[in-house]
Amino acid sequence: MKSIDLTKWKRKDVYDFYKNMDMPRFQITVDVDVYWFYKYVRYNELSFYYSFMWLVLSELNQIENFKYRLIDLEVVLFDVVHPSFTDRIEDGDTFKIVNVNYLPDLFEFNKLAKQKSQEQGNQFINLDEEKRQDLVYITSFPWAKYTQATNVFNIDSKDAIPRIGWGKYEKSEAKWMMPLTIEVHHACADGYHVGLLINGIEERLKRY
């Protein structure tokens, strides 16, 4: 983690414009084709949820703008950011929020995410772990395909943690289109950077 020298930061004007707005966050939803990635994940007996989470974080961690956070009066840049994700509680219809470190290996990340979720059991959230700022909030809505989504949040203009979610994929021949929603703080990232992330995810999905 390092502090950004605002006097030399090329985003300073953008940052100054958006940092104190009541609602400085914006959100974009697109469809991505997960057909081949899903086939690869299932062939290797992995969780699609954990695996797609890993793929998103792999691409996101390559783009600096998604790793900026507004802490006190500073802008800081984290080296790596990690998922804080929702997961189903096995014995009911409720869910929990699990915090896990990102790992660059798909298979190792699957193991760690599953282990961390199992260890947390039925506990809804570990608030001590969720104090971290080097997080990306991850969720899914696997019951239906959607075209738009919103997130729950407090009105906090300094909350720069990205929110990412996805829904049910829709099968159509050799394409399985799945809605993907990305929400970011405009002081840290623009539509251009969200576009880079979407394009990176799309290109990564084609490799499988």
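Gln120 is buried, because its relative accessible area is 11% (buried means under 20% relative accessible area, exposed over 50%, partly exposed in between, with a 1.4 Å probe and protein chains only). The model is predicted, so that local features need pLDDT of at least 70, side-chain atom pairs count only at pLDDT 80 or more, and totals for chains, interfaces and linings use all residues. Residues are numbered from 1 along each chain as its sequence is written, and side-chain values use heavy atoms, with hydrogens and water left out.

**Gln120**

- Gln120 is part of helix α4; helices (H or I, at least four residues) and strands (E, at least two) are DSSP runs, numbered from the N terminus.
- Neighbours within four places in sequence aside, Gln120 is in contact with Lys96, Ile97, Val98 and Ile125, where contact means heavy atoms within 4.5 Å.

**Helices α3 and α4**

- Two packed helices are described by the angle between their axes and the distance between the axes.
- For helix α3 (residues 48-60) and helix α4 (residues 106-120), the packing angle is about 120 degrees and the axes are 9 Å apart.
- That angle makes α3 oblique to α4.
- Axes are lines fitted to C-alpha atoms, for helices over the stretch in contact, and angles run from 0 to 180 degrees between N-to-C directions.
- Angles under 35 degrees count as roughly parallel, over 145 as roughly antiparallel, 65 to 115 as roughly perpendicular and the rest as oblique.
- The crossing of α3 past α4 is right-handed; a crossing is left-handed if the near helix is turned anticlockwise from the far one by less than a right angle, and right-handed if clockwise.
- On the α3 side, Tyr50, Ser51, Met53 and Trp54 meet Leu106, Phe109, Asn110, Ala113, Lys114 and Ser117 of α4.
- Sorted by class, the contact of α3 with α4 has six nonpolar, three polar and one charged residues (Ala, Val, Leu, Ile, Met, Phe, Trp, Tyr, Cys and Pro count as nonpolar, Asp, Glu, Lys and Arg as charged, and the others, Gly among them, as polar).

**Helices α3 and α5**

- α3 also packs with helix α5 (residues 191-205), at an angle of about 125 degrees and with the axes 9 Å apart.
- α3 and α5 are therefore oblique to each other, and α3 passes α5 in a right-handed crossing.
- Phe52, Trp54, Leu55, Val56, Ser58, Glu59 and Leu60 of α3 make the contact with Leu197, Gly200, Ile201, Arg204 and Leu205 of α5.
- Eight nonpolar, two polar and two charged residues form the contact of α3 with α5.

**Ser157**

- The loop between β7 (135-141) and β8 (163-167) holds Ser157.
- Ser157 counts as buried because its relative accessibility is 16%.
- Ser157 and Arg69 are 88 residues apart in sequence, and their C-alpha atoms are 11 Å apart in space.
- Residues up to four places away in sequence not counted, Ser157 touches Lys19, Asn20, Met21, Pro24, Leu70 and His185.
- A polar atom of the Ser157 side chain lies 3.3 Å from the backbone oxygen of Lys19.
- The side chains of Ser157 and Lys158 make a polar contact (3.4 Å); a polar contact is a pair of N or O atoms within 3.5 Å, where within protein one must be able to donate a hydrogen and the other to accept it, and residues adjacent in sequence count only if both atoms are side-chain atoms.

**Arg163**

- Arg163 lies in strand β8 and is buried, with a relative accessible area of 8%.
- The side chains of Arg163 and Asp159 are joined by a polar contact of 2.7 Å.
- A polar atom of the Arg163 side chain lies 2.7 Å from the backbone oxygen of Ile161.
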